[in-house]
Every structure is written in structure tokens, then in C-alpha cells.
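Please find my notes on this model below. They are arranged as numbered points, to be read beside the structure.

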Amino acid sequence: MNGDAMLKIDAVLEEIENYVAGASRMPLVDRVMIKDDDLFHLMDKLRQELPREVSDAMEVCRRRDEIIGAARTESEQIIAKANTEAEDIIEKAKRFAQKTVDEHALVAQANEQARNIVEEANAKAKEMTQEAEAQAKQLKEAAESETAQMKADVERYANQLFDHVLANMNTAMAAIQNHAGGIINAMENIHNDVGSAMQAMQQAKEQIHAANSRS
């Protein structure tokens, strides 16, 4: 509001005051008598001198309830929209959190299952290794026992064969000494016995070699 406008307003207000002060007073009561037309004229004059911003302010005062109501309605709409958006954000956050928790639970479950599978596989592999080692040990012991038995059998067979050959040779020698005429027959028997002995010794040698190869 500029200075000229204020001076004009002050002048009009002073004129109103002078008009009221110079009005006739009613006897016995503390009142004055003024003409409505004169007062309305001064009020219109004052209203004309008021700047536009004052008029706008007065209009705002007159429309205060309407403006307050509109502002309240708009604020309620803004609050409701904000609440809706906030609830939507909260709901999305809850779903995301639940999804994250579920994913973490699935990952943890998968890791636990993987650990169990690895542990079971290791245990099974260890068990199979122990069983294979035990079977290998048993087979080795059985092979060693069988080889030892075969060696013993071969040695026993060779000893029996040698004893038989020796006995035949002794018998042949005795026959040669007692019966000179049976020399030829005795020699043939000796030849046959020696041949059998050589063949048996060769078989024994082959069996001993085979037994040694297995061990």
C-alpha cells in the first residue's frame, strides 16, 4: 500500500469521525443522530479509496469459510492420497521382504540338501572303499593260502614220485642181481619208470611256476 492511498484513507476516516462528532445528540441517552445516506456516502467514498489488495483481503475474509472448506477438502484429499500411496508402498515392501525371506529360505534349504548329499556321498564312498579293501584283503589271503596249499601238494607229489622211482630202481637192481636173465626186462622197466618220473617232474615244475606267478 503506497503513501498517497494511506493519506486518502486517513482523510476519509477523519471526515467520518468529524461527521459523527458533529452530529446532534439525543437527550437523556448517550447516542447521536446521523443520516444513513450521509454515512453510506462516506463509506462508499472510503471503499473507493481502499487499494485493491485491501479489497481482496476483505473479499478473502468474507469468503473465509468457503476457502477454509476448500482447503480442508483439498488437504483431506492429499492426505487420503498420501495414505493410499503409503499403504501401497508398505504392501510392496512387505511383499518384497516376504519374497526375499522365501528366497533366502530356499537358498538355505538347497545348501542344506547339498551338504547332506555330499556327506552321504562321502560316507558311501568311504564304506565302499572299506568294503573293497576288505574284499581285496580276503582275496589276497585266499590266494596266498591256495598258493601255499598248491606248493605243499606239489612238493608232496614230487616226494612221492621220487620215492616211487627210487623204490623201482632198487627193485630193478635187486632183480638184476638175482636174475641175470631178466636184465633186459628190468632195463625196460627202469626206462619206463625214468620216463614217467621225468614227465611227473616236468608237471610239478610247471605247477610250481604257475603257483609262483599267482602269488
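1. Basis of the note. This is a predicted model, in which local features need pLDDT of at least 70 and side-chain atom pairs count only at pLDDT 80 or more, while totals for chains, interfaces and linings use all residues. Residues are numbered from 1 along each chain as its sequence is written, and side-chain values use heavy atoms, with hydrogens and water left out.

2. Secondary structure. The chain has five helices and two strands, in the order α-β-β-α-α-α-α from the N terminus. Helices (H or I, at least four residues) and strands (E, at least two) are DSSP runs, numbered from the N terminus.

3. Burial and surface. Of the 215 residues of the chain, 10% count as buried; the classes are buried at under 20% relative accessible area, exposed at over 50% and partly exposed in between, with a 1.4 Å probe and protein chains only. The chain exposes about 17700 Å², and 56% of that comes from carbon and sulfur atoms. Accessible areas come from the Shrake-Rupley method with a 1.4 Å probe, and for residues only the protein chains shown count as cover.

4. Contacts. A contact means heavy atoms within 4.5 Å. Among contacts in the chain between residues at least 6 apart in sequence, 65% join residues at least 24 apart.

5. The structure holds four salt bridges, each defined as a side-chain nitrogen of Lys or Arg within 4 Å of a carboxyl oxygen of Asp or Glu. One of the four pairs lysine 45 with glutamate 15, with closest N and O atoms 3.2 Å apart. Lysine 45 belongs to helix H2 (residues 36-49) and glutamate 15 to helix H1 (residues 3-21), so this pair ties together parts that are 30 residues apart in sequence. Lysine 45 is partly exposed at 33% relative accessible area, and glutamate 15 is partly exposed at 35%.

6. Lysine 92 and aspartate 88 meet through their side chains at 3.3 Å, N to O. Both lie in helix H4 (residues 64-178), four residues apart, which is about one turn of the helix. Lysine 92 is partly exposed, at 46% relative accessible area, as is aspartate 88, at 36%. Glutamate 112 and arginine 115 form another salt bridge, with closest N and O atoms 2.6 Å apart. These two are three residues apart in helix H4, so about one helical turn separates them. Glutamate 112 is partly exposed at 36%, and arginine 115 is partly exposed at 45%.

7. Nonpolar core. What makes up the largest nonpolar core? Its five residues are Ile9, Val12, Ile16, Leu42 and Leu46. The term covers buried Ala, Val, Leu, Ile, Met, Phe, Trp, Tyr and Cys residues joined through side-chain atoms within 4.5 Å. H1 and H2 are the elements that give two or more residues to this core, and H1 supplies the largest share, three residues. Leaving aside neighbours within four places in sequence, valine 12 is in contact with Leu42, Lys45, Leu46 and Glu49.

8. Nonpolar surface patch. Met26, Leu28, Val29 and Met33 form a nonpolar patch with about 450 Å² of accessible area together. Patches take residues with over 30% relative accessible area and no salt bridge, joining like charges within 9 Å and nonpolar side chains (Val, Leu, Ile, Met, Phe, Trp, Tyr) within 5 Å. Methionine 33 sits in strand E2 (residues 32-33) and is exposed, at 52% relative accessible area.
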